[in-house]
Amino acid sequence: MGQLIDFARPDGQSTRGYLASGRSGGPGIIVIQEWWGLNEQICSVADRFAAAGYTALAPDLYRGRIANTGDEASHMMNTLDFADATHQDLRGAADFLKAQCSSVGVMGFCMGGALTVAAAVHVPGLAAAVCFYGLPPATFADPAQIRIPFQGHFAERDDWITPALVDGLELAMRSAGATPDIHRYVADHAFFNRTRPEVYDATVADLAWQRTLAFFSAQLS
């Protein structure tokens with residue numbers, strides 16, 4: 001089990017996050033929350049990475065708030081300053097992990113997937129990124145500007161991050177000379193979230209997790 005810590009942002013302020021420690025001196029991973037907040041689901045993902053040998057840090061982008069309904073989550077996400085979260089909270093998390101880890105990757109779900117793309121574009125020093133069903137506006141973070149190894153996991157029955165949007169992501173990256181590792185599943189948005197039985201798909205989630213671990217093992221070694 002991990003613990004809550006405070007870490008520094010580049011602007012001198014601090015952010016709280018959930019830190020799950022893995023192998024000393026090994027690689028680190030930033031785990032970015034869904035629109036619900038830093039809840040038990042996200043902390044459990046950090047714990048799973050720690051069990052696999054990674055030191056995982058999940059920043060608390062909502063400053064202690066957790067949404068209990070879709071309306072609350074939508075409001076919190078829509079009022080989040082994505083630029084501040086990217087350039088301050090996520091960069092601070094990357095700097096914290098780089099000070100103790102051999103290399104650092106980033107991954108996230110839904111809103112966290114969008115911020116994973118943003119971090120891959122804007123946060124220096126990251127070695128790899130894994131995005132689960134999330135995309136930011138290209139005006140904020142253009143996937144064509146990603147210069148690190150990138151893996152994506154997307155759902156075919158997703159009416160938010162639609163297959164057409166995923167095709168656009170892949171086309172933009174390949175047109176820029178990148179070789180993203182994109183996976184598409186016959187599943188619903190949020191298929192990885194065990195706390196949402198209406199969309200959770202254990203078989204698909206396990207396959208995506210194994211692919212994520214294999215990707216990070218190859219890129220963060």
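How many residues line the largest pocket, and which lie nearest its centre? Before you click, note that this is a predicted model, where local features need pLDDT of at least 70, side-chain atom pairs count only at pLDDT 80 or more, and totals for chains, interfaces and linings use all residues. Residues are numbered from 1 along each chain as its sequence is written, and side-chain values use heavy atoms, with hydrogens and water left out.

**Stop one: the pocket**

Select L135, P136, P137, A138 and I161: of the 15 lining residues, these lie nearest the centre of the largest pocket. (On a 1 Å grid over the protein atoms alone, a pocket is an open set of points where a 1.4 Å probe fits, with protein on both sides within 12 Å along at least five of seven lines; lining residues have an atom within 4 Å of a point.) Its volume is about 250 Å³, meaning the space filled by probe spheres set on the points, which are joined across faces, edges and corners.

Helices here are DSSP runs of H or I with at least four residues, strands are E runs of at least two, and both are numbered from the N terminus. α5 gives the most, with 4 residues.

**Stop two: the sheet**

Next, show the strands. There are 8 in an open sheet, ordered β1-β2-β4-β3-β5-β6-β7-β8, with mixed pairing; two strands pair if DSSP finds at least two bridges between them. At the edges stand β1 (3-8) and β8 (181-185), each with a single partner strand, so one side of each has no neighbour in the sheet.

Zoom in on β2 (residues 14-20) and β4 (residues 55-59), an antiparallel pair with 4 bridges. Pick A20 and you'll find its bridge partner in β4 is A56.

**Stop three: helices on the sheet**

Go back to α4, which packs on the sheet and touches β3 (28-32), β5 (104-109), β6 (128-132) and β7 (150-155). Contact means heavy atoms within 4.5 Å. Then select α6 (residues 202-219), lying across β3, β5, β6, β7 and β8.

**Last stop: α3 meets α4**

Select α3 (residues 82-98): α3 and α4 pack at about 60 degrees, with axes 10 Å apart. Axes are lines fitted to C-alpha atoms, for helices over the stretch in contact, and angles run from 0 to 180 degrees between N-to-C directions. To see the contact, show F82, T86, H87 and L90 of α3 with M111, L115, A118, A119 and H122 of α4.
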